[in-house]
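Take a walk through this chain, one region at a time.

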Amino acid sequence: MESRPAAPGPYRATKLWNEITKYFRAGMPLRKHRQHFKRHGSCFTASEAVDWLHEVLRSNSNFGPEVTRQQTIQLLRKFLKNHVIEDIKGRWGSESLEDNSALYRFPSTSPVKPLPSPCTQKENLENFCRDKERLFKLPHLSRRVFKRHELLQSLENLEKTKPDRIEENKEDMLHRKEISQEYVKETWRNIILIHLQTILGLPSLEEVLQPTQIVPEYVIYNMTNTSKHGVVILQNKSEDLPHWVLSAMKCLAYWPRNNDMSQATYSGFERDVFRTVADYFLNLPEPLLTFEYYELFVNILDLLQPHLERIAVEALQICCLLLPPPNRRKIQLLMRMISRMSENVDMPRLHDAMGTRTLMIQTFSRCVLCCAEEVDLDELLSTRLVSFLMDHQQEIFKVPTYLQVAVRDHIENVKMAQCKYPKEEICAILPTYSYCKQITPQEFEEQKVSTSQAAVAELLESIIKDKNLSVKDKKKKLKQFQKEYPLIYQSRFPTTENEAVLLENKPTIKQPMLSLRKPKFRSLRY
């Protein structure tokens, strides 16, 4: 399968499903098989399909090398359930597919999943927004907490006119538009939308992220209420992880150096502790990244490629700020734990058939990202995202200070404009930002090679034009250059004549220092 991201935008998981099914149908090798003394043409065994599809998924940038063989089997079962394939007798609709020699074939037509209608999504979003206060209400978020922070003082506390100057500025204040709390919140929303739209390279975020899904209170809280390690601190402890879960996570993260469990250890103790942590996260009512932001995080999967790593980290920094503070704290602590466990050489094996890293990704992927409705590619997509989050958790959960600066500068510009033109309506233009243009891996390699060749060619020209080098030294350097970069040298000197013209050693005739006239000898004969 060609290693290119699916088209970005809304319903990306559905689009990616359609692309995979089309490619599988077009590329899966078919041949004749014999079963029960009967020959069947244009079919394949389940094991052949697993082998072929597993290699395709591992080499594809949308999924990556973390895809396991068992996940490939699960995807083929989804294919059978959705009639992408059928058994040799034409049966489909179940998920009874195993990694064996059972025969399967393609039906005459391959079903394509229709994209959800935009109106349905909009209705669901409106219903969700009406229940937002009930679902994610943080009663401890108050102005009293925020006043301790310098950022909030500069953004939320408006300058009040002193009593002795009220009468003096009364006329100007009548015409001056006050910078309200709502305007500050709207500024946060707009700047975040501008950044995300630019990073994702989408013409619009209309069906990926709505302005109402950005809660400035969450963003500000996540940026300002953190520990020295950058982990969100919750004022309301009832929303935090239970103490026994925190103790179990700390035990695993620092194994075996920091085991503060009250029970004595025994053989298999670490497996029981891990199972306790896993059970808690797997039984949460919704994923840590929430159902609301599913489309947003799925679109970030486009950026999880080596040449776009920095941009992907920046996009995830912003998106993780949108989470309710309890969710952000939980996913921070979870990623810190599984990252340390994966790198801990002293950690005993927690699974007989899987390594620690694979076990971490396979166990927690579904509790990090999944859709409210059943999506057949959820497990593969979440695996790819969790793998990246685990490897870059320190950078992703850093607070992006440039957002604070952008909001502060915009508010200050509006205040200055109001003071300068108090009687005019101020129409402030939000700043725009430019980012690196997203390119394909092939274009990245081509640009890397062309840039390097241009630099080497420039070096060759500097040697040629260096007037301080003698002909002998120049020949020596050019000979060394030709040995190191024969192709570039040949392009500059396609024939030996070109080289000879440049290096032609014309001797210079020096004028004599004294001009002596030769004596004329006369003949002795008269």
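Predicted model: local features only at pLDDT ≥ 70, side-chain atom pairs only at ≥ 80, totals over all residues.

Residues are numbered from 1 along each chain as its sequence is written, and side-chain values use heavy atoms, without hydrogens and water.

Confidence comes first. pLDDT is the predictor's confidence in each residue, from 0 to 100. The chain averages 79, and 74% of the residues score at least 70. Helices here are DSSP runs (H or I, at least four residues), as are strands (E, at least two), numbered from the N terminus. Among the elements, helix α15 (residues 325–343) has the highest mean pLDDT, 95. Helix α6 (residues 143–146) has the lowest, 35. Over residues 119–163 the pLDDT is below 50. That stretch still has 70 contacts beyond near neighbours in sequence (heavy atoms within 4.5 Å).

Now helix α9, residues 181–200. Its 20 residues reach 29 Å from first C-alpha to last, close to the expected 28 Å (1.5 Å times one less than the number of residues). Its buried residues (under 20% relative accessible area; exposed is over 50%, partly exposed in between; 1.4 Å probe, protein chains only) include W188, R189 and H195. Just after α9, G201 takes a positive phi of about 70°.

An α-helix has 3.6 residues a turn, so residues three or four places apart point the same way.

Last, the loop between β4 (103–105) and α4 (118–130) holds T109. T109 counts as exposed because its relative accessibility is 57%. T109 lies 9.7 Å from I85, C-alpha to C-alpha, though 24 residues separate them in sequence.
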